[in-house]
Every structure is written in structure tokens, then in C-alpha cells.
Amino acid sequence: MSSSSTAGQVIRCRAAVAWEAGKPLVMEEVEVAPPQALEVRLKILFTSLCHTDVYFWEAKGQTPLFPRIFGHEAGGIVESVGEGVTDLKPGDHVLPVFTGECKECRHCKSEESNMCDLLRINTDRGVMLNDGKSRFSINGQPIYHFVGTSTFSEYTVVHVGCVAKINPAAPLDKVCVLSCGISTGLGATLNVAKPKKGSTVAVFGLGAVGLAAAEGARISGASRIIGIDLNAKRFDEAKKFGVTEFVNPKDHDKPVQEVLAEMTDGGVDRSIECTGSINAMISAFECVHDGWGVAVLVGVPNKDDAFKTHPMNFLNERTIKGTFFGNYKPRSDLPSVVEKYMNKELELEKFITHEVSFSEINKAFEYMLRGDGLRCIIRMDA
């Protein structure tokens with residue numbers, strides 16, 4: 001594929017625009033400006049809906065910003081590149097990512113961090129870093145970006161540091177889900193909790209991220225994977241992801257951490273918390289075994305939450321850790337996660353429960369709002 005036909009020109013295409021909070025997205029013709037220095041313009045082929053899109057569309061986030069093009073889980077092809085972009089070219093298959101890797105800052109140079117100073121997630125910013133302007137417009141009116149990706153558009157412009165180049169043989173309608181939630185849960189287990197073969201793992205919250213954490217435990221060879229959720233309807237589905245036992249806190253008259261300790265002779269080896277509930281976080285920490293237990297927090301809490309536990313839980317050699325995007329560096333690490341799928345170590349099909357055409361994108365919101373299924377793939381060409 002050559003970019004010569006459209007490179008340097010404004011592209012007119014369809015985008016699903018959120019004009020105001022909580023109102024259905026409207027299919028509009030938008031103008032997408034060419035990429036500037038260190039930017040790339042992508043043709044999005046598949047995108048999926050993540051809970052974060054819905055949260056900010058409902059204006060529950062910090063600073064509501066409209067009109068806006070949401071979307072951040074996607075797969076596509078590079079259409080053209082801006083000045084200074086050397087490691088991507090037109091035709092490359094890529095995953096755009098809501099957080100980035102500049103490769104220059106202290107975080108990017110550290111083996112221990114993926115929290116890039118320049119490109120870490122910013123939900124308030126609706127413009128490009130280069131010039132503080134949007135690349136989207138309708139009749140001259142700017143339409144704001146979302147987390148640097150805005151994939152609910154047939155074309156989008158993204159900073160080069162937020163683009164992972166992947167194996168062109170990988171099916172984009174499957175691996176697009178790796179650009180957010182699935183990698184977050186998977187990496188929380190594989191990169192942070194690191195359960196040993198034969199160990200016992202508890203997963204709090206059995207949505208897409210929690211099931212990805214369970215998938216990580218399955219891949220690690222955990223002997224018991226205990227799923228904890230207030231919705232018993234999720235238990236059957238979770239068996240496909242290696243979950244062996246289920247606990248509904250509502251079925252017990254004592255704290256769930258005590259139930260888990262009794263089930264596991266003193267506590268689980270690893271726990272992964274994927275709900276954002278402060279009580280689940282405390283339970284996830286207090287349910288791990290003394291001496292070696294590790295709890296990993298993934299879920300995002302409310303801004304006024306505070307974590308309370310007795311210091312003896314630490315002195316008895318329990319560890320608590322947090323993670324962001326599964327500790328994956330987007331450009332360096334995501335290509336190898338795609339390879340896990342390609343060599344059949346990681347299963348992605350079971351995360352995909354619906355598929356709709358781009359013109360039916362509001363259906364994807366309806367599915368998520370009623371808790372129907374996990375990921376809905378949106379086909380941009382339909």
C-alpha cells in the first residue's frame with residue numbers, strides 16, 4: 001500500500017461523534033488533517049468498546065469535553081507518517097494505545113516502569129501535543145480527541161509513541177482487544193503477580209479485565225483460580241477462562257477474605273483485584289497468605305477512597321502492588337503479546353461476544369450498559 005494518494009492531504013471520512021454527554025453517537029463526515037511531526041495517521045479497520053469510553057461519554061470523568069470522538073481499543077494500518085517518524089511506514093499493521101512510550105524519559109529507560117512522562121494517559125486533553133490543536137473538524141469546528149487515540153473514526157491521528165507495530169499476519173479483528181483491557185488484566189498476572197505453576201490465585205471482578213487476569217493465571221499453570229463476583233451470572237462464562245471455583249460475597253455472613261482463607265489453608269498465593277471497589281481491594285490484600293502472598297490492584301478507585309488495613313498484615317510478609325496497563329510498555333511489549341495469540345498460548349476469541357457494523361455503533365453501547373457480554377467488535381468498513 002502506498003500513501004502517495006492521500007499523504008499530506010485532508011481526508012474526509014465517517015466518524016461517530018459524541019456531541020453531548022450520554023446522547024447516542026452521531027455518524028458525521030469529519031475532516032482529518034495530515035499528521036504533523038512525530039504523528040501518524042491511521043486507517044482504523046476494527047475497534048471495540050471499553051468501559052472507559054462509556055464512563056467518559058457519560059461525563060463521569062474529571063473534565064467533560066464535547067464534541068468528542070471516543071474509542072481507544074483498535075487495530076489498523078498506517079496511512080501516512082509525519083516528519084521525524086522513522087520506525088513506522090505506510091501499510092504497517094498497528095495497535096493504537098491510550099498510553100505511550102517516548103523511549104527517552106526516565107520511565108521509558110527503566111525496565112521497571114511503563115509510565116512514560118510524555119505520553120502516559122491523559123483523559124482531560126482533547127488535542128495533540130505538538131501544537132495543542134485537534135486533527136478533527138467538521139466545517140471548521142474542532143472535534144476533540146480522546147486519550148490520544150479517537151478510534152471511532154475511519155481515520156485518526158496518533159502520536160508515534162502510542163502506536164505498536166505488530167505482526168501483519170495477526171487478525172486485527174481479534175488482536176485489537178489487546179490495546180487496552182485484555183492486556184491490562186493479562187499483564188497484571190503475568191508481569192506483576194507472577195504466580196508460580198501449581199499456585200492458587202484469586203481474581204476479584206469477572207468482567208473482561210478480570211477474566212484476562214484469570215487467563216494469565218491459566219497460562220501460568222495455576223492449580224486453583226478462584227473467581228469472586230457479586231453477579232452469579234458471570235460464573236459460567238468464567239469457566240472458559242480457567243476459573244475453577246466461585247465465591248459470591250453475598251452468600252456469606254463473614255468477610256470474603258475469611259472465606260478464602262478457610263478455602264485455601266490460610267490464604268491464596270496471589271490475588272488480582274479488577275473492580276475498583278475499595279472493599280474488594282482490602283479483601284484482595286487480606287486474603288493472601290502470610291509469608292509470600294502478593295496482591296495486585298488493577299481497578300481504578302473513586303477519588304475520595306482510602307485504603308485501610310492493619311499494619312501487621314504487612315509485617316507478616318504480605319505484599320501489595322499496583323499496576324497500570326499490566327506493566328506493558330506499548331511499543332516494546334505489545335508485539336510479543338500478539339505473538340502469544342499467534343502461537344495459540346493466549347485465546348482471544350472467547351473475549352469477543354458481539355460484532356456490529358460501524359453504522360450500528362450505538363448498539364455496542366447498549367450491550368455494555370446492560371452488561372451483555374464482554375467485548376463488542378465494531379467493523380469500520382460496514
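I looked up arginine 331 and found it in helix H10, residues 330-342. Helices (H or I, at least four residues) and strands (E, at least two) are DSSP runs, numbered from the N terminus. The model is predicted, so local features need pLDDT of at least 70 and side-chain atom pairs count only at pLDDT 80 or more, while totals for chains, interfaces and linings use all residues. Residues are numbered from 1 along each chain as its sequence is written, and side-chain values use heavy atoms, with hydrogens and water left out.

I checked accessibility next. Arginine 331 is buried because its relative accessible area is 15%, where buried means under 20% (over 50% is exposed, in between partly exposed; 1.4 Å probe, protein chains only).

I then listed its surroundings. A polar atom of the arginine 331 side chain lies 2.7 Å from the backbone oxygen of glutamate 101. Beyond four places in sequence, the contacts of arginine 331 (heavy atoms within 4.5 Å) include Asp87, Glu101, Cys102 and Val160.

I turned to the sheet. It is open, with six strands in the order E12-E11-E10-E13-E14-E15 and parallel pairing; two strands pair if DSSP finds at least two bridges between them. Strand E12 (245-247) and strand E15 (319-322) are the edges, each pairing on one side only.

I looked at one pair in detail. Strand E14 (residues 294-297) runs parallel to E15 and is joined to it by four bridges. In this pair, valine 296 stands opposite lysine 321 of E15.

Methods:
Polar contact = N/O pair within 3.5 Å; in protein donor to acceptor, adjacent residues only side chain to side chain.
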